[in-house]
Amino acid sequence: MAENGWLLAENDAIRFAVPAEAVSEMVSGAEITDLPFSGEHVSGIFIHAGKAVPVYLDAEAGFGRPSGDLVLLDLKGELLALPVRKIAGFSGPADVEDAGGTPIGPCRGTIRVREKNIAAVRMEDLYKRAGFI
């Protein structure tokens, strides 16, 4: 099934895409507070509109220590910040193709953009790894 569109971004060693309908906004220069006992895939929180928002961390999968630039995601009213180094743009609808092999972190397959395969983040897996589900 094709998503309606994708936000394309980079972080550490990975280029990835998240479903555009899950993107609430992009935040630059966020002040992140460390939470050393928050779990394996949450590095800290930042305060946004009066709410504490967890920041995702998965160095093995290419989502390393946040630099302060974040994509704020919303899945069923639950906010989660995904660190980014660079926003590459948006892509139109695309089907997720099975990449074969072992999935990398929350990425479950690829989408094809300008003749390149980009890792596709599966929102449910991302939120599960962050401890929401």
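**Salt bridges and strand pairing in the predicted model**

In the predicted model, the side chains of D58 and R129 meet in a salt bridge with an N to O distance of 2.5 Å, a salt bridge being defined as a side-chain nitrogen of Lys or Arg within 4 Å of a carboxyl oxygen of Asp or Glu. Because D58 lies in the loop between β7 (51-56) and β8 (70-75) while R129 belongs to helix α1 (residues 123-129), the pair ties together parts that are 71 residues apart in sequence; helices (H or I, at least four residues) and strands (E, at least two) are DSSP runs, numbered from the N terminus. D58 is buried at 4% relative accessibility, whereas R129, at 29%, counts as partly exposed, where buried denotes under 20% relative accessible area, exposed over 50%, and partly exposed the range in between (1.4 Å probe, protein chains only).

Since the model is predicted, local features need pLDDT of at least 70 and side-chain atom pairs count only at pLDDT 80 or more, while totals for chains, interfaces and linings use all residues. Residues are numbered from 1 along each chain as its sequence is written, and side-chain values use heavy atoms, with hydrogens and water left out.

A search of the whole structure finds six salt bridges. One of them joins R108 and D125, with 2.8 Å from N to O; R108 is placed in strand β12 (residues 107-113) and D125 in helix α1, so this pair ties together parts that are 17 residues apart in sequence. Within this pair, R108 is partly exposed at 32% relative accessibility, and D125 is buried at 14%. A further salt bridge is formed by E10 and R15, whose closest N and O atoms are 3.4 Å apart, with E10 buried at 13% relative accessibility and R15 partly exposed at 36%. E10 and R15 are also linked with R85 in a network of salt bridges.

Turning to the strands, an open sheet of five strands with mixed pairing has the order β10-β2-β3-β13-β12, two strands being taken as paired if DSSP finds at least two bridges between them. The strands β10 and β12 stand at the edges, each with a single partner strand, so one side of each is left without a neighbour in the sheet. Neighbouring strands of this sheet are turned by 35° against each other on average, direction ignored, the axes being lines fitted to C-alpha atoms, for helices over the stretch in contact, and angles running from 0 to 180 degrees between N-to-C directions. Within the sheet, β2 (residues 6-11) and β3 (residues 14-19) pair in the antiparallel sense over six bridges, and the bridge partner of W6 in β3 is P19.

Residues up to four places away in sequence being excluded, S91 touches G5, W6, L8 and V113, contact meaning heavy atoms within 4.5 Å. I87 is also found in β10 and counts as partly exposed at 33% relative accessibility.

Strands β8 and β9 likewise pair in the antiparallel sense over six bridges, with P83 of β9 as the bridge partner of L70. Their hairpin has two residues between the strands, and K76 takes a positive phi near 55° there. Five of the six residues of β9 (residues 78-83) are buried, so this strand is largely enclosed by the rest of the structure.
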